[in-house]
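Please keep the sequence and the model open beside the text as you read.

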Amino acid sequence: MALGQRGRRWLRLLLVAGVLLAIGAWWIDRQLEPQRLTATVLKKAGDALKLDLRYTGEADYALKPEPRLLIPNLEVRDPRDQSLILSARRAEVSLPWDTLTGGEPVITRIELDAPVLDLPALLRWQASRPKTPFKLPTLTKGIEVVDGTIRDTAFMLTKLALDLPRLQAGEPAEAGVSMRLASGNLQMDFQGKLTAATPGLQSAFTLDGSGALLQKPQPLPFKIAMRVNYRSD
């Protein structure tokens with residue numbers, strides 16, 4: 001039976017809707033293609049910080065509760081000599097929804113699994129930068145670190161856990177933190193709160209919490225409340 005004029009109109013509308021849905025699905029898939037989006041975000045972040053950010057493996061993404069890039073084996077290197085400053089077994093980078101509609105890539109939250117920070121390499125990179133205070137990017141939903149390590153020539157921090165709900169220029173940065181410190185024969189555990197006066201490497205900070213010196217025959221508990229003032233000279 002032949003379609004009437006109204007039927008043909010609805011058929012055309014359904015066909016147009018089907019084509020539009022197919023184009024929309026293709027466009028969203030292209031925007032969400034994890035390798036492409038990861039490369040774009042890392043390049044933008046690397047250009048802003050003057051660092052070389054790379055990864056190995058297959059990047060992926062998740063959409064709930066917001067778009068998140070899942071980046072395996074992240075590496076952050078000094079572009080001058082390719083020395084490794086930071087590595088992480090896995091990183092999650094959260095992005096606002098408008099990133100997927102063509103907006104400028106903006107990072108709102110970073111989660112790092114088993115990161116390892118080389119402090120001397122970080123300080124060498126910092127010394128090569130202009131003599132202006134280093135400012136971290138704004139992260140409206142903060143940073144989370146699980147099972148981190150910080151290495152220095154004189155000490156090592158392990159089992160580092162950090163929860164920083166928000167990082168914003170001009171605002172104090174407050175983080176819950178726990179760690180184990182080893183320096184020579186000294187070992188101690190600590191948990192508490194770290195507050196920096198301003199985000200960045202050049203900032204006064206306070207440290208409040210409790211812990212224990214790991215000694216025999218039994219650990220020696222302690223409490224600490226300290227303030228460190230940064231001096232640019």
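This is a predicted model: local features need pLDDT of at least 70, side-chain atom pairs count only at pLDDT 80 or more; totals for chains, interfaces and linings use all residues.

Helix α3 spans residues 119–128, and its buried residues are Leu-119, Ala-121, Leu-122, Trp-125 and Gln-126. Seen down the axis of α3, these buried residues fall within an arc of 160°, so they line one face of the helix. The arc is that of the directions from the helix axis to the C-beta atoms. Buried here means under 20% relative accessible area, while exposed means over 50% and partly exposed lies in between, with a 1.4 Å probe and protein chains only. What does this buried face pack against? The partners are α2 (34–49), β4 (84–94), β6 (116–118) and β7 (143–151).

Residues are numbered from 1 along each chain as its sequence is written, and side-chain values use heavy atoms, with hydrogens and water left out.

Helices (H or I, at least four residues) and strands (E, at least two) are DSSP runs, numbered from the N terminus. By that count the chain has three helices and twelve strands. Of its 233 residues, 32% are buried. Contact means heavy atoms within 4.5 Å; among contacts between residues at least 6 apart in sequence, 47% join residues at least 24 apart.

Now to helix α2. Its buried residues are Pro-34, Leu-37, Thr-38, Val-41, Leu-42, Ala-45 and Gly-46. They cover an arc of only 155° around the axis, which puts them on the same side of α2. An α-helix has 3.6 residues a turn, so residues three or four places apart point the same way. The length of α2 agrees with expectation too: at 1.5 Å a residue, its 16 residues should span 22 Å, and its end C-alpha atoms are 22 Å apart. That expected span is 1.5 Å times one less than the number of residues. Just after α2, Lys-50 takes a positive phi of about 60°.

Val-41 and Val-93 are 52 residues apart along the chain, yet their C-alpha atoms are separated by 9.1 Å. Val-93 lies in strand β4 and is buried, with a relative accessible area of 7%. Beyond its neighbours within four places in sequence, Val-93 is in contact with Val-41, Pro-67, Arg-68, Leu-69, Ile-71, Ile-107 and Arg-109.

| Strand pair | Bridges |
|---|---|
| β1 and β3 | four bridges |
| β2 and β3 | three bridges |
| β3 and β4 | nine bridges |
| β9 and β10 | eleven bridges |
| β10 and β11 | nine bridges |

Individual residues mark these pairings. Arg-68 in β3 is the bridge partner of Ala-62, and in β4 the partner of Arg-68 is Ser-94. Five residues separate β2 and β3 in their hairpin. The hairpin of β3 and β4 has six residues between the strands, and there Gln-82 takes a positive phi near 65°.

That loop also holds Ser-83, which is buried, with a relative accessible area of 16%. A polar contact is a pair of N or O atoms within 3.5 Å; within protein, one must be able to donate a hydrogen and the other to accept it, and residues adjacent in sequence count only if both atoms are side-chain atoms. Another, of 3.3 Å, links the side chains of Gln-82 and Asp-52. Asp-52 lies in strand β1 and stands opposite Arg-77 in β3.

Further along, β9 and β10 form a hairpin with two residues between the strands, where Gly-184 takes a positive phi near 60°. Ser-183 stands opposite Leu-186 in β10, and Leu-194 stands opposite Leu-207 in β11.

Definitions and conventions: Two strands pair if DSSP finds at least two bridges between them.
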